[in-house]
Structures are given as structure tokens and as C-alpha cells.
Amino acid sequence: MSEKFDSLEEHLEKFVENIRQLGIIVSDFQPSSQAGLNQKLNFMVTGLQDIDKCRQQLHDISVPLEVFEYIDQGRNPQLYTKECLERALAKNEQVKGKIDTMKKFKSLLIQELTKVFPEDMAKYKAIRGEDPPP
């Protein structure tokens, strides 16, 4: 799988370099540079075809849209993964806190109900298999 990404990266780097050179030629265009311009345009078409071939090899890869938003904002897309993990850890801690609170509440509720309704709670505990009835 890494070779597919390496190939795509190589083609993209070549394409970007070709575009850079094309920009130089166009910015200082002289009629005598027409042949060079045509050659760069042909390289650009070939580069796009090579990138399209790589796309076909990577069709099963999905990238979250948020990653593209990071790139559009000029941020490092690897930060997306880091921030996702941080959000997941924070949510995990939050849910764990809620679970612990609910367990404490259940324990206190059972204690208080046992004081008020001892017979009913003994039956409840017997059904739940927590405590045999007296």
C-alpha cells in the first residue's frame, strides 16, 4: 500500500514542479519560447493522466472532509488525527464520569430503597441474583 502512496506522491511532485516551470515560462513569455510552452503543456497533460492512474489504484481510500478543510486553512492535516484522538479521549473521560456517577446513584438508590421497602428489595435482589432472600 505504501508503494501506491509513494507513486502518487512522486507524480504529484513532478506535476507541481512542471506547473512551477510553466508559470515561469508564461510570466516571461516570448514568441521564441512557444516550443517550450507547448512541451510543458504536454507534460502537464501527461502528469494529469499519471495522477489519474494512481487514483484508480487508491479508489478504496476515503479521506474525511475535515482533512481538506484543514488543508484549505493552511493547517497540517496530521493535526486532524491528533485532535480527533484528543476529542475521543475527552469524550471517553466524560462518559466514564457519567458511568461512575450512575453506578454510585444506583448503589445509593438501592440502599435507600432497602431501608424503606426491605421486603420488596429482597425480592428484587433475589431476582437479580445479587442477594438471596432472608
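In the predicted model, the buried residues of helix 1 are His-11, Phe-15, Asn-18 and Leu-22. An α-helix has 3.6 residues a turn, so residues three or four places apart point the same way. The buried residues of helix 1 pack against helix 2, which covers residues 34-57.

Helix 4 and helix 5 (residues 118-128) have axes that come within 6 Å and cross at roughly 135°. Helix 4 is therefore oblique to helix 5. On the side of helix 4, the contact is made by Lys-106, Ile-110, Leu-113, Thr-114, Lys-115 and Val-116, and helix 5 contributes Pro-118, Met-121, Tyr-124, Lys-125 and Arg-128. Sorted by class, this contact of helix 4 with helix 5 holds six nonpolar, four charged and one polar residue.

Met-102 also lies in helix 4, which comprises residues 78-116. Met-102 counts as exposed because its relative accessibility is 54%, above the cut-off of 50%. In sequence, Met-102 and Gly-74 are 28 residues apart, and their C-alpha atoms are separated by 43 Å in space.

As for the cysteines, Cys-54 has a relative accessible area of 3% and is therefore buried, whereas Cys-84, at 24% relative accessibility, counts as partly exposed. A search of the whole structure for disulfides finds zero.

Terms used: Residues are numbered from 1 along each chain as its sequence is written. This is a predicted model: local features need pLDDT of at least 70, side-chain atom pairs count only at pLDDT 80 or more; totals for chains, interfaces and linings use all residues. Side-chain values use heavy atoms; hydrogens and water are left out. A disulfide is a pair of cysteine sulfur atoms within 2.5 Å. Buried means under 20% relative accessible area, exposed over 50%, partly exposed in between (1.4 Å probe, protein chains only). Helices (H or I, at least four residues) and strands (E, at least two) are DSSP runs, numbered from the N terminus. Contact means heavy atoms within 4.5 Å. Axes are lines fitted to C-alpha atoms, for helices over the stretch in contact, and angles run from 0 to 180 degrees between N-to-C directions. Angles under 35 degrees count as roughly parallel, over 145 as roughly antiparallel, 65 to 115 as roughly perpendicular and the rest as oblique. Ala, Val, Leu, Ile, Met, Phe, Trp, Tyr, Cys and Pro count as nonpolar, Asp, Glu, Lys and Arg as charged, and the others, Gly among them, as polar.
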